[in-house]
Amino acid sequence: MTSATTVKTEYEAIIGLETHCQLSTNTKIFSSSSTAFGADPNTNIDPVCMGLPGVLPVLNEKVLEYAVKAGLALNCQIAKYSKFDRKQYFYPDLPKNYQISQYDLPIAEHGWLEIELLDADGNPKRKRIGITRLHMEEDAGKLVHAGSDRISGSTYSLVDYNRAGVPLVEIVSEPDIRSGQEAAEYAQELRRVLRYLGVSDGNMQEGSLRCDVNISVRPVGQEKFGTKVEIKNMNSFSAIQKAIEHEIERQIAAIEAGERIIQETRLWEEGSQRTISMRTKEGSSDYRYFPEPDLAPIEVTDAQLHQWQSELPELPAQKRHRYETELGLSAYDTRVLTEDVVVSEYFEAAIASGASPKAAANWITQDIAAYLNKQKLTITEIGLTPANLADVITRIETGKISNAQAKQKLPELLTGLSPEKAFAGQELITDPSVLEPIVEEVIAANPKELEKYRNGNINLKGFFVGQVLKKTNKRADPKLTNELVEKKLNG
């Protein structure tokens with residue numbers, strides 16, 4: 001008699017991200033009001049962004065430039081001809097009752113972004129995530145619900161229109177992402193690219209970067225997608241990863257229990273670490289788009305495209321490849337060094353001043369990074385210039401000072417003390433004829449330790465080396481000291 005074996009179904013997640021990025025222009029997309037964050041409510045407003053009768057929008061040229069540059073950096077095809085559309089929906093934070101966006105003719109389409117994940121051994125695993133489209137649009141205002149963070153349970157709501165009309169690009173990925181980790185890395189890499197370009201600060205706490213996740217699961221091997229669920233309200237990369245991982249487990253458990261997954265919008269609840277239902281979404285919304293009659297179509301000339309392409313910087317992925325292949329750095333080091341453009345600029349300036357790449361990488365990613373984290377500073381706010389870091393590294397590599405001496409003086413160097421002053425009178429003693437008498441004196445002064453060493457306690461060699469370093473105020477060359485101590489102890 002044979003018993004049937006139950007084969008457990010394997011599932012895979014199909015994930016796509018819709019990312020809204022605020023562009024770092026001084027003024028709004030269609031008017032001259034400031035985009036500065038943190039102003040008093042309803043002070044950065046004007047008749048255009050408030051949708052008052054008789055006013056006309058005028059496109060901020062910088063918005064077009066930034067959107068095209070973002071599209072080029074994401075390997076998109078830039079539309080020579082595109083237009084704005086009115087997206088109709090009614091909500092208290094949208095003064096006009098419609099949003100000016102782009103529908104069927106966006107400024108950029110068909111691109112990709114390379115992400116990089118490190119395996120357990122620190123080896124990079126790279127993957128391209130397709131970009132469906134990138135389009136320009138205006139932001140809505142902000143509702144503040146009193147007594148609750150949502151309409152449900154609140155006693156009244158206040159509206160701040162400062163964000164209304166702030167320029168955004170919405171970047172929609174292909175459903176190429178398969179895990180929470182990939183999604184978080186995609187969002188982080190997108191943020192790096194935009195920050196390198198200087199088109200957005202990517203500050204999630206201030207709402208400059210907002211991600212909505214579309215996620216479904218299906219049995220491995222099945223071509224048809226499962227029912228899509230949207231997750232909102234994620235304000236960090238870790239929240240994106242955790243929300244996706246939770247939602248994958250929730251959907252698989254529901255399917256295994258014979259429950260139907262419904263198309264809905266869910267929120268990530270940080271406190272309980274779970275997604276909760278916000279509203280059902282059985283069909284796609286009909287926003288009744290039509291071409292914006294108050295704005296002329298957009299034409300990007302070949303001259304503009306060539307100019308903006310020539311202004312693109314070296315991007316994070318390009319830097320990572322170059323640091324690995326040309327400088328011989330590890331995948332981990334390259335990721336840390338390219339995380340922020342100012343850190344990579346500091347690193348390259350140190351190399352240009354004569355520092356060896358590996359030594360500069362070690363100092364920046366370890367000791368300097370630890371100091372920055374502790375003091376909550378950026379690398380542009382420290383007193384140790386790239387040239388002075390290169391000076392310190394050169395002194396170590398030429399044997400003028402030890403690594404320990406440099407680490408001891410690092411706090412003073414970081415506040416602006418020059419290497420010349422920091423190491424004045426502290427050059428290493430590298431002359432054997434000077435060190436030998438000191439070694440002999442230390443050994444002679446510690447007969448009990450010498451006897452224990454010669455009776456087999458070889459770990460006491462470190463004791464004698466330490467005594468020599470102490471006697472010379474750590475100026476004895478550690479390598480030479482070790483050699484001389486071992487020679488004398490075994491003589």
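Select R192 to begin. R192 is buried, with a relative accessible area of 5% (buried means under 20% relative accessible area, exposed over 50%, partly exposed in between, with a 1.4 Å probe and protein chains only). This is a predicted model, in which local features need pLDDT of at least 70 and side-chain atom pairs count only at pLDDT 80 or more, while totals for chains, interfaces and linings use all residues. Residues are numbered from 1 along each chain as its sequence is written, and side-chain values use heavy atoms, leaving out hydrogens and water.

Now select R335, which forms a salt bridge with E185 at 3.1 Å, N to O. This pair links distant parts of the chain, 150 residues apart: E185 is in helix 2 (residues 180-197) and R335 in helix 6 (residues 331-338). Helices (H or I, at least four residues) and strands (E, at least two) are DSSP runs, numbered from the N terminus.

Show the wider group. Salt bridges that share partners join E114, E116, R126, E185, E189, R192, R320, E324, R335 and E339 into one network.

Finally, pick E116 and R126, whose side chains meet in a salt bridge at 2.9 Å, N to O. E116 lies in strand 6 (residues 108-118) and R126 in strand 7 (residues 124-138), so the pair ties together parts 10 residues apart in sequence. E116 is buried, at 0%, whereas R126 is partly exposed, at 34%.

The whole structure holds 44 salt bridges.

Conventions: Salt bridge = Lys/Arg side-chain N within 4 Å of Asp/Glu carboxyl O.
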